[in-house]
Amino acid sequence: MPASSPILPLKAAMSPRAFQLKTRPKALPCPSTSRGANIQLSRSITNGGAGAAADGTHSNATQTRRSLSAAQRKYLDSALRVNQAGELAATLIYTAQIPPIVKTHPHLRPLMKHMYDQEAGHFSTFNELLAKHRIRPTAMYPVWHAAATVLGWGTGMLGREAAMACTEAVETEIGDHYNAQVRELLSWCKDMEERGEDIGDELRTLVERIRKIRDEELEHLDHAVANDAKDANPYELLTGAIRAGCRGAIWVSERV
Ligand SMILES: [Fe+2]
Ligand SMILES: [Fe+2]
C-alpha cells in the first residue's frame, strides 16, 4: 500500500446530520497571547499566584501563573481519557474492516487506509497527552478493545454499506463529542481573556489539536455518506445501535 494514498472523491452527498455538525459555529477563536496570567495544564506546575520573580523581585501580572481549577482538571482528565479510548476503538474498527472490504472492493483501499492513518494519528496524539499529563486510561480499555474489533469485523463482513454506516454512526457521535469539548475549552479561553490572563501555549495547542481531529472525524463521516452508508440494511437499526453503543461507551469511560 502506498505511503501517500490519494484522497478520494467524496463530499458529494453530505447527510443532514453531517451538514448540521459541519455548520456548527466554530465558536470563538482561541485568543492570542495577552501577557496576563499563564495557564499551565501540567500537574507539575502549581498555582503560584501573583508571586515573586525568581530573582526575588516582585513580579507584575505578566508573570503570574495559575493552574486550572480542580473542576477543569477533572473535566480534562475525563475528556482526554474518553478521547484516547475512542481513538483506540476507531483504529481497531478499521483494522478489522479493511481486509474484507478491500478484498471485495479494492478501489476502497486508499480511502480505508487514509481513514485508518488519521485514526492512528489521533490515537497517538491522545496517548501522548495522557502520558504527558499523567492521566490513567479507562479501566474499560480491554472491553472497548474487544468490542471495537467485533464491531469492525461484523460490519466489514456485512459489506461495504454496513462498514460505511458504522463510520457514519460513530463519527456522528464523536463529532458531537469533540464539538462539546471544543466549546468547553473555548469558554475557558474566553473567561481567561476577560480576566486579562494569557491562556498559555498548552491550552491553545490543545484546542487546535482537538479542532483538527474533530474536522477529520467529520471528513470521515462525509466519506461514509458519499460511499453509500445509507444503503446499509437495516440502516436505522444498525446506526441506531452503534450510536447508542458509542454514547454508552463515552458515558462509562468518563467515569471509570
Ligand atoms: Fe479519530
Ligand atoms: Fe474517525
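Start with the crossing of α3 and α6, which is left-handed (the near helix is turned anticlockwise from the far one by less than a right angle; clockwise would be right-handed). This is a predicted model, where local features need pLDDT of at least 70 and side-chain atom pairs count only at pLDDT 80 or more, while totals for chains, interfaces and linings use all residues. Residues are numbered from 1 along each chain as its sequence is written, with chains lettered from A and ligands numbered from 1 in the order in which they are written.

Select residues 109–132 for α3 and 200–226 for α6: they pack at about 155 degrees, axes 11 Å apart. Axes are lines fitted to C-alpha atoms over the stretch in contact, with angles from 0 to 180 degrees between N-to-C directions. The pair is therefore roughly antiparallel (over 145 degrees).

Now show side chains. Leu-111, Met-115, Gln-118, His-122 and Thr-125 in α3 meet Arg-209, Ile-213, Glu-216, His-220 and His-223 in α6 (contact means C-beta atoms, placed from the backbone, within 7 Å).

Last stop: α2, residues 70–104 (helices are DSSP runs of H or I, at least four residues, numbered from the N terminus). Look at Ile-98, shortly before Pro-99, for a kink of about 40 degrees (the angle between axes fitted to the seven residues ending there and the seven starting there).

Definitions and conventions: Helices (H or I, at least four residues) and strands (E, at least two) are DSSP runs, numbered from the N terminus. Angles under 35 degrees count as roughly parallel, over 145 as roughly antiparallel, 65 to 115 as roughly perpendicular and the rest as oblique. Two residues are in contact if their C-beta atoms, placed from the backbone, lie within 7 Å. The expected span of a helix is 1.5 Å times one less than its number of residues.
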